[in-house]
Structures are given as C-alpha cells and as structure tokens.
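Subject: Structure for your attention

Dear colleague,

Please find the structure below, together with the sequence.

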Amino acid sequence: MKNIAHTRNPLSSDKERYRTKSRLSERGRAMFIFVCSVLLLAYLLAPITWLVSSSFQTEAEIVSVPPHWIPEEPTTKNFEAIFFQEQKEVTYESRKQVDPVSGGYIPSTAKNLLPALRNSFVVACLVVIFNLLVGVPAAYAMAKIRFLGRNSSVYFILTTRVIPDIALVVPFFLVIKNLGLLDNILSLVLTYLAVTVPFTVFILISYFESLPDELDKAARVDGCSRFRTMTHVYLPLALPSLVAVVLFTFLTSWNEFLLALMFTQTPASQTVPIIVASFTSDFTISFSFINAAGVVAIIPPIIIAIMFEKYIVSGLTVGAVKG
Amino acid sequence: MTKDAITKFGRRKFLKYSGAAGVAGSLSGGLAGQVMAAETIHFSAWSAAVDLVKSHVNAFQKSKGLNVNYSNFPWAQYRETMVTRLVGGAPLDMMWVSDAWLPEWAEAGWIKPVDGFKDLMKYNAEAEKFCTDSMTYNGRQYGLTYYTDFMGFMYDADKLKKAGISSPPKTWDDVTQQCLKIKEAGISEYPLMLALAKESWLIEFMAAMVYSQGGRFTDDKGMGAMDSASEGALKALQWVVDAVHKHKIVSPACVETGELTGLKAFASGNHAFALEPKYRMRHLNDPKQSKIAGNVKQILMPKGDGGSHATVGWMRFHGMSAAAAADKRRAANTAKLIEWFGGKADGEYKFQKYLFTDIGAGFGVKPLFNDLDVQKAYNSYTDVNVIKKQQALARKKDMVTPWFGEWQEVNGSAWQSAILQKASPQEALKKVTNTWNKLKKQA
Amino acid sequence: MAPFLDYLIYQLSEAGTVAATVASTLSRRFNYDERSAYLFLMPVMAVLVLVAVFPIFYSLYLSFFDLKLTRPHRVPFVWFDNYLTLFADELFWGSVLRTVYFTLISVTAITVLGLLIALLLNETFRGRRFISAMLLVPWAIPYVANALMWKWIYDSGYGALNGALLQMGFIDKYMVWLGDADKTIPLIANAFIWKEVPLAAILLLVTLKSIPDDLYRAAKVDGATLMRRFIHITLPSLRPGFALVFIFETMIAIRHFDLFFILTEGGPADTSHVLAWEIYVETFRNLSFGTGAALAYIMAIVTFFLAYSIIRTVGKRL
C-alpha cells in the first residue's frame with residue numbers, strides 16, 4: 001500500500017507527508033487490528049477454555065469460590081471414567097453404599113458415551129453420503145438445465161426448511177413408530193436428510209451456477225450424457241463446495257438434538273448430544289464430569305471444522321471462479 | 001442413445017434393489033432385536049442407589065436365570081423421560097412409578113394392575129396400609145412398594161446454638177423469627193433452604209408447606225381449592241413470598257435450586273434450616289458425605305396459624321407396563337422381578353433393608369421395623385420417636401388425578417411467578433384453581 | 001394482499017410442478033434435457049415430500065382433534081377449537097412475545113457482531129488464517145454442549161461469570177443469573193449469539209469479498225472518507241448478505257429449542273417460555289397432541305410468512 005501511495009503522489013513534499021502519514025496509519029491500523037483480533041479470540045475461545053479447565057478439576061476444587069481458572073490439582077479422573085469404565089460385576093459386597101448425591105459420582109450412562117460417538121459418526125457419514133447422492137444431481141439439474149418448473153423447484157426446496165423441527169416431530173414420530181423404526185439410526189438418517197438437503201442444494205446451486213455453461217455444452221458435443229457431464233466435468237470443479245457441503249452436513253447431523261431425543265430410546269441408537277444432555281441430571285451433579293463429557297463431545301466437530309476451514313469460505317464464495 | 005438407455009436403466013435397477021435391500025436389512029435387524037427382547041426384562045428406574053439396584057439385579061439374574069436390562073434416568077426429569085418412552089413404545093416391562101402419576105398412567109393405559117398375581121398380592125398383609133392405598137386406583141392395585149417417605153423439617157443444631165436459640169421452632173412464625181436472628185448474627189445469609197425449581201420434587205415441598213399451614217389443594221368435591229383464603233394454599237405461598245422479599249431469609253435463587261443442589265448446599269453448612277425428605281437424614285449425618293454431620297436434627301413440621309404439624313407423605317412403587325401385561329410370559333417374568341424387589345428375595349426383604357441402610361429410604365413393610373440392624377441404623381443418625389410421630393401425621397396428596405401432570409406445570413409456574421413477584425399470590429393461585437377445574441371438566 | 005396472491009400462485013405452480021414431474025417421467029412429451037432434469041430431481045423431491053411436506057399436512061389433520069394421550073379412548077373431532085383455545089390463551093401470546101423478543105435481540109446482535117468480524121477478517125494481516133479457524137469453534141460444537149457450557153458459566157453458586165465479575169470487582173457477592181427473570185432471556189440469547197455469530201460472519205465475509213475493489217478506489221479518488229465509503233459502498237453491496245443472514249438467523253432463532261431445554265426449561269415461572277418450548281410442553285408433558293400439532297402448524301405458517309416478507313423486503317434473488 002505504501003508503494004501505491006508512493007506512485008500516486010507526484011509532488012515530493014506531499015509525498016513526504018503522505019509517506020509519514022501512511023506509515024503512522026499503517027502502525028495505527030496494525031495496532032487496531034491486533035487489538036480487535038485479541039478481543040475476538042478472547043470472545044470465541046474463553047468459554048471453551050473454561051470448559052476444558054473445569055474438566056480437569058476435581059469435584060472439591062471445582063466448587064471453589066472464586067473459581068480456580070487454572071486447576072491447582074489437575075486430574076484425569078473424569079476422562080478415565082468415560083473411556084475406561086470398569087465393567088466389573090456389581091455384587092452386594094462390592095456395591096457403593098453411598099447416595100449418588102455425595103458427588104464425584106460418575107453416572108452409569110457414562111459408558112454410553114463411546115457407543116454414542118460411534119452412532120453419531122455412522123449417522124453423520126450416512127447422511128453425508130446420501131446428501132451428496134441426492135443433492136448433487138438435483139443441484140446440477142437446477143443450475144444447468146432449463147426445464148419447466150425450475151424456479152418453483154428451487155423455492156419449494158428452500159421452503160421446506162421454513163418448517164420448524166418441532167412441527168415435524170409429532171407426525172414423523174407417529175409414522176416412524178408405525179414403521180417400527182423407532183430406536184433405529186435409520187430414522188435419524190432419513191430425518192436429517194430432509195433437514196440438510198435444502199441447504200446442500202442451495203450451496204451447490206450457487207456454486208454450479210458460477211461455473212461456466214460452455215463446459216457443459218462442450219461435453220455434450222463430445223457425446224457425454226447429462227450424467228457423465230455432471231460426474232466427469234462439473235464435480236471435479238466443484239470440489240470446494242462439495243467439501244463445504246460435507247462439512248455442513250456432517251456437523252448438522254452430529255449436533256442435532258431435538259429429533260434424536262424423540263426418535264432414540266436406548267443407547268443402541270442414541271447420539272452424542274443425547275448422552276451428554278442426560279448428564280445434566282440432578283443425581284450426579286458431578287460438575288467436573290459434566291464438563292469432561294462436554295469436552296469429549298466437542299472435540300470431533302472442532303477437529304473436523306478446523307481441518308476443512310479453508311474450504312468453507314471458498315466453497316461458499318459465489319463468483320469466485322469466473323470465466 | 002442406446003448406451004444411455006442401458007446405463008439409465010442399470011442405474012434405476014441398482015437404486016431399486018439397493019433400496020429394497022436397505023429396507024429389508026433394517027426390518028430384519030428389527031425383528032432380530034425383537035426376538036432377543038422376549039428373553040430380557042426391561043427395567044427402568046430413576047438414578048437412586050444405582051449400585052444397589054445393579055447388585056440386586058445381578059442376584060436375580062443368577063437366581064432365576066432371566067436376563068434383565070436395567071436403565072436409569074435422573075429423578076428430576078423422570079416423568080418426562082418415561083412419558084416419551086411410553087408414547088414411543090420403547091421396550092419396557094417393569095418401571096418405578098410415583099404415586100402422583102398413578103391415575104395419569106393408568107388412564108393412559110401405560111401400566112396395568114398386578115392384582116391378578118397372587119404371588120405379589122400376598123405381601124399386602126405385611127405392608128403399610130398407606131402404601132397399599134396409594135398404589136390402588138379405581139379398586140385395582142398396580143404394583144408393590146418401592147419406598148415410602150414424608151417431607152421432614154431439619155435444622156442444624158450447631159447453628160442454632162451459636163445464635164443463642166434454645167429450642168427449635170414450632171410454628172412458621174418461630175421459623176421466621178429464628179431465621180432473622182441467625183441472619184443478624186451473621187451465621188448464615190439465607191438461613192432457610194428451600195428448593196423450588198420446577199422438577200419432580202416441587203409438588204412435595206409445596207404440599208408439605210400447604211398442609212402444615214392448614215390448607216389443602218382440593219375440596220371435598222374434588223374441585224380446586226387452592227386460592228381459598230381460609231382453606232387453600234394462599235397462606236403457604238404468602239409465607240414463602242414474604243420470606244424471600246420481606247424478611248430475606250430465603251434466597252431468591254430458590255426458584256432455580258433443585259432438591260439435590262439444595263441438599264448439597266445445606267450439607268455444606270450454608271443454611272440453618274431445610275425442608276428435606278426424611279431419608280436425607282442419612283446423608284446429612286454421615287461424616288463422610290456431609291460437613292455438618294452429627295448436628296442435623298429433625299423436628300415436626302412447623303405449624304401455621306390454624307394449621308398442624310402435618311406434612312405430605314408419598315410412596316413410589318414397582319409397576320408393570322401394559323406391553324408386558326399383554327404377553328403371558330413377559331408378565332410372569334416381570335412379576336418375578338417385581339416380587340424380587342418389592343417383596344422378598346430369597347426369603348427376606350433384602351432390597352428394602354439395604355435401601356434403607358444405604359441411603360435411608362423408608363420402607364413400607366412392617367416386619368423390618370423389628371429388624372435389629374434397621375433399628376441400629378435409625379438410631380445412629382436420627383430420633384426414631386420424631387419420625388414415628390411425623391409419619392402418623394403424613395397426609396396423602398390430594399391432587400393426584402389423571403390430569404395431575406398437566407396441572408402441575410401451571411401450578412409450578414404460578415408459585416414461581418408469585419415468588420418472583422410477577423404476580424400476586426392471589427392471582428397466581430386463582431389461575432391454578434381455574435386450570436384445575438377446567439382440566440377436571442375436560443377429563 | 002398482492003404478496004399473498006403471489007405466494008399463492010407460487011404455491012400452486014410448485015404443486016403443479018411436482019405433479020407434472022411425476023407424469024413426465026412416464027411420458028416422452030419432454031425432451032431429453034428435461035427428462036434428465038426430472039430424473040435428477042426425483043430423489044430430492046421424494047425425500048422432501050415424505051419427510052417435510054407430509055408431516056405438515058398430517059399435523060394439520062391432527063390439530064383438528066382433541067387428542068390427549070392420557071385419555072386415548074375418547075378423541076373428539078373439534079374443528080378449529082384447538083386454535084381458538086390457543087388464541088384465547090395468554091400463555092400462548094406470552095410465548096409469542098417472548099419468542100419475538102428473543103429473536104429480535106439475537107438477530108440484531110448476530111448481524112452487528114457478524115459484520116464487525118467480517119470486516120476484520122476481510123483485512124489481510126498475519127494470523128488471519130488462525131483466527132478464521134478459531135472462528136469456527138463456536139459454530140462447530142453441538143448445541144447441547146454449548147448449553148451445558150453456558151449453564152456452568154451462569155451457575156449462581158460456582159459459575160465463571162460470577163467468579164470473573166467478583167474478581168474484577170464489579171459485584172461484591174455471587175448473583176443469581178438464570179433465575180433472575182429480567183436476565184433470563186438476554187442470557188440465553190447471549191449463549192445463542194455466541195454460537196451463531198461465526199456463520200453470520202462467514203456469510204457476510206463471502207459477500208464482502210465479492211465487492212470489486214474498483215468501487216473503493218474510485219471512491220477514494222473522489223475523496224470519500226472511510227465512513228462514507230462504508231455507508232455508500234459497503235453497506236448497500238452487503239444487502240444480499242444481510243438478507244441471507246436475517247433469514248437464516250431468524251428462522252433458527254424462532255424455532256430454537258435446545259438452549260431453552262437445557263438452561264431453563266422454560267422457567268423461571270415462564271420467563272423463558274417461548275413458542276418452541278410451548279410446543280414441547282404441550283406435546284410431551286401435557287400429552288395433548290392436538291393442541292401441540294396446532295401450535296406447530298401455527299409456527300410453521302408464521303415462519304413461512306416471515307421468511308417470505310424478509311425475502312421480499314431485504315433480499316432480491318436467492
């Protein structure tokens with residue numbers, strides 16, 4: 001920027017003044033940006049840091065007033081309870097004879113956290129796969145093909161997202177119950193599909209539309225069917241948006257709570273948000289454990305988000321690829 | 001063009017077959033699950049004495065050779081969790097039920113009477129009448145007692161001594177005076193601990209205060225009487241509102257405090273008085289679990305003007321789900337499990353006794369009172385005479401009807417809004433009475 | 001009236017389209033292009049019709065009955081009684097007001113904060129990639145974990161909010177937060193805003209990036225100050241971005257349930273009893289499926305019209 005200022009100003013005394021001014025404003029600008037960045041980082045990360053810090057504290061320490069921001073006696077007991085719960089059989093002799101309320105009590109549903117992680121993962125993967133299978137052709141068709149009812153289809157698909165989830169719950173619940181699919185992860189996959197497909201289609205349409213039509217025509221001239229054009233020509237080009245779609249869909253499925261609460265009854269199909277929510281129980285009030293469970297719940301999505309971070313912006317950018 | 005046609009057809013066929021395979025797979029998976037379930041008894045409980053239940057279940061499995069799937073949920077959200085599962089048709093055979101929900105669940109057809117099982121009914125001879133009555137609805141009995149208890153009034157003797165108070169309060173006015181004294185002495189900021197969060201415990205706390213103030217919830221005809229100035233809940237609610245705002249002896253956070261949080265706070269020594277279920281004495285006087293152990297004493301519920309030392313009593317029982325009752329084999333298995341827990345296991349009331357010694361939960365079977373271990377345990381942390389006296393004055397809840405669940409939502413909100421001073425106690429209770437009468441009409 | 005007619009026409013044409021879609025794959029009246037298009041669209045339409053459209057009509061059907069699960073043997077058909085009862089119920093209107101309040105403060109804060117963050121990230125500076133990555137953290141975590149985290153922060157006995165304020169000297173003893181009726185909704189909104197701001201920031205950033213630099217350079221040559229450039233170039237060009245953010249966040253805020261479930265369960269004393277919570281309570285606690293369905297349907301219609309009007313006023317084409 002300094003150089004541009006340099007070349008733009010022909011008068012040398014003005015040049016001097018401008019250069020000094022722009023160097024100061026450079027510094028000022030950098031300072032301002034630095035301060036803003038620090039504030040932003042604090043805003044984004046402080047709550048999470050507190051969550052992590054709490055998860056490493058003992059029950060006795062976590063109830064200190066004022067709180068210990070950095071644990072003075074850190075412990076991994078809470079995480080051990082999640083990952084290495086002993087499966088010893090409980091007998092009259094070996095039972096814990098205290099009321100769970102005395103704290104430090106790890107709920108018995110803790111052992112469901114790992115299966116829940118698996119369930120969440122399977123559901124999310126299936127939803128992603130189906131989203132791509134179902135959404136890509138639809139988006140391609142709506143972006144590249146002129147057909148009767150194209151605009152209405154777009155509106156229709158977007159409109160379905162206007163319906164609140166809670167309105168879906170009761171009717172869908174009754175249908176799934178009659179189909180016998182309650183407590184089956186397939187019910188979740190199907191519901192999440194309906195919830196995520198509109199957004200997927202929206203992102204893909206935007207991106208496909210920004211890709212040039214000529215490619216399409218060229219491929220057709222070469223004898224490709226519509227299907228082949230889609231798979232061999234446009235898909236490779238649309239990689240950033242595909243990654244964005246995978247990311248959004250995966251995270252939406254992973255984080256969804258209300259529908260999973262309704263449709264899953266046992267640990268066989270319960271996902272991570274349900275198990276974690278079940279820890280906000282009263283009988284346990286092992287605060288440190290709840291925080292540890294929270295940490296375990298957030299790590300996979302955070303890793304995935306950060307890994308694919310650069311694709312999000314580029315995948316959403318309309319008009320990034322021109323010509 | 002022909003190549004296109006073939007590939008298009010091939011794709012369609014593939015999709016069709018894979019779709020069919022997917023559906024078939026899920027169905028067969030479901031069927032296999034069903035077959036397995038027939039051999040397993042599904043037992044749902046709330047998260048009390050979890051290890052004890054587990055050990056008792058294991059003993060059952062060894063003794064009878066039947067498989068039991070035990071799952072537990074937090075008590076504070078138990079009703080909601082169970083309702084969702086019952087509506088959703090989750091596999092359920094035996095479950096714990098609270099007396100307050102019996103009409104609701106019986107009317108909805110979720111639980112079925114067990115009076116057809118002679119093996120279970122024979123235990124009634126040795127059970128407290130209060131318990132058996134509470135499990136009976138429309139003449140049918142729906143289970144065996146899990147535990148029974150009443151709301152107690154507890155105080156920290158050490159704090160009273162420090163404040164120079166010579167004897168514990170007898171009336172609610174005494175409570176106010178003593179709290180003010182303790183507060184002035186700087187011993188405790190909010191001397192009375194009340195846990196009034198909207199959860200399953202709330203109705204028990206309210207009922208205890210209402211009954212001891214001489215009030216009731218319904219009149220002789222079963223119509224709502226909550227807002228009646230002479231008979232209703234008004235005095236009790238007004239006392240609480242004054243305690244929070246006028247005297248400042250109860251924390252305004254009481255509407256956020258659940259029973260367990262409150263218990264922990266009391267056990268940490270933050271308060272001088274507390275309303276707690278009687279069985280909590282066990283926890284409060286255990287030096288391993290409570291900071292004020294040895295100082296906690298129980299007295300009769302303070303009485304209000306024109307009131308008495310009455311309190312509310314409740315019981316919970318083991319019930320059988322409708323799904324289990326419909327199948328002869330499942331019903332027989334479930335009855336065996338109910339007997340194991342609610343009756344005798346290997347010839348003795350093992351579960352009830354251990355439940356009492358572990359967490360102090362009251363039992364409904366009379367013979368256990370004569371058991372030496374039980375007596376020793378009782379005497380180690382509480383005064384049995386007080387308990388006997390208070391138990392005699394414990395009243396059954398008078399608002400237990402099929403619409404209790406829905407009414408309690410409104411009732412809980414109303415009390416909270418009065419305490420938050422968003423409505424006057426009269427207005428709040430008027431709304432509650434109207435709701436009760438409306439629901440009664442609709443039933 | 002006119003927008004409603006527009007909307008009605010769209011509805012009808014779209015319904016007609018779906019029917020035509022089905023018919024055309026069987027006949028050969030359309031050309032190859034269009035047949036391919038319909039084939040590609042079929043899976044999406046099938047899924048959406050099954051899982052989105054059907055439930056809406058089914059819940060409309062249910063809302064005409066007085067269906068209470070605690071009284072399964074008697075299910076009278078009551079026409080519009082459920083709706084009339086709701087409109088006469090002050091709890092319903094209270095919920096609507098609370099939902100509006102929550103949505104307004106949330107969407108405003110999210111848009112403003114999102115804009116500020118997008119402006120920051122639009123600049124090039126060292127460490128920008130890192131901040132971009134960290135920006136995604138609140139967005140990535142499950143709503144449930146978010147709720148638990150804030151519940152712990154707001155805890156009146158041991159929470160970080162109390163602790164931090166105490167240590168910084170702003171308060172002299174621990175306060176009640178979620179249990180204080182005046183603070184409940186703003187606090188819940190804060191937790192919601194924290195989680196939603198990243199998405200808004202990204203959407204706005206994407207729009208910002210597409211504003212051509214020439215506009216700014218030309219303005220600078222003309223002597224426009226930073227403020228004027230901002231008001232006359234940046235803001236207008238961001239209109240599609242704002243529209244997107246408004247629509248998305250409004251729809252998410254109106255229907256949001258998770259935070260209300262975990263943080264306050266509609267309390268204390270109905271202070272945070274919003275429409276989504278009302279539907280849950282009516283359906284799964286009061287077991288009144290008829291009124292629950294009616295509520296859900298009302299919410300669907302309202303959200304629909306809201307989205308439509310936002311599109312019409314703020315956005316141009318989607």
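At what angle do helix α4 and helix α11 of chain C pack? Helix α4 (residues 90-122) and helix α11 (residues 239-255) of chain C pack at an angle of about 145°, and their axes are 9 Å apart. Axes here are lines fitted to C-alpha atoms, for helices over the stretch in contact, and angles run from 0 to 180 degrees between N-to-C directions. Helices (H or I, at least four residues) and strands (E, at least two) are DSSP runs, numbered from the N terminus.

As to provenance, this is a predicted model, in which local features need pLDDT of at least 70 and side-chain atom pairs count only at pLDDT 80 or more, while totals for chains, interfaces and linings use all residues. Residues are numbered from 1 along each chain as its sequence is written, chains are lettered from A and ligands numbered from 1 in the order in which they are written, and side-chain values use heavy atoms, with hydrogens and water left out.

The helix pair in chain C

The crossing of α4(C) and α11(C) is right-handed (the near helix is turned clockwise from the far one by less than a right angle). On the α4(C) side, the residues in contact (heavy atoms within 4.5 Å) include C:Phe102, C:Val107, C:Ile110 and C:Leu115. They meet a set in α11(C) that includes C:Phe242, C:Val245, C:Phe246 and C:Glu249. By class, this contact has 9 nonpolar, 4 polar and 1 charged residues (Ala, Val, Leu, Ile, Met, Phe, Trp, Tyr, Cys and Pro count as nonpolar, Asp, Glu, Lys and Arg as charged, and the others, Gly among them, as polar).

Salt bridges

Over all chains, the search finds 26 salt bridges (a side-chain nitrogen of Lys or Arg within 4 Å of a carboxyl oxygen of Asp or Glu). One of them pairs C:Glu123 with A:Arg29, with the closest N and O atoms 3.0 Å apart. C:Glu123 lies in the loop between α4 and α5 (128-140) of chain C and A:Arg29 in helix α2 (residues 12-55) of chain A, so this pair joins two chains. C:Glu123 is partly exposed at 32% relative accessibility, and A:Arg29 is partly exposed at 28% (buried means under 20% relative accessible area, exposed over 50%, partly exposed in between, with a 1.4 Å probe and protein chains only).

B:Glu409 and C:Arg285 form another salt bridge, their closest N and O atoms being 3.5 Å apart. Since B:Glu409 belongs to helix α18 (residues 404-419) of chain B and C:Arg285 to helix α13 (residues 275-285) of chain C, this pair also joins two chains. B:Glu409 is buried at 14%, and C:Arg285 is buried at 5%.

Within chain B, B:Asp149 bridges to B:Lys278 at 3.6 Å between the closest N and O atoms. The two are 129 residues apart, in strand β7 (residues 143-156) and in the loop between β9 (273-277) and α12 (280-284) respectively. Both B:Asp149 and B:Lys278 are buried.

A network in chain B

A network of salt bridges links B:Asp99, B:Glu204, B:Arg316 and B:Lys397. B:Lys397 sits in the loop between β12 (394-396) and α18 of chain B, and is buried with a relative accessible area of 4%. Its side chain makes a polar contact of 3.4 Å with that of B:Asp99 and one of 3.0 Å with that of B:Glu204 (a pair of N or O atoms within 3.5 Å; within protein, one must be able to donate a hydrogen and the other to accept it, and residues adjacent in sequence count only if both atoms are side-chain atoms).

Yours sincerely
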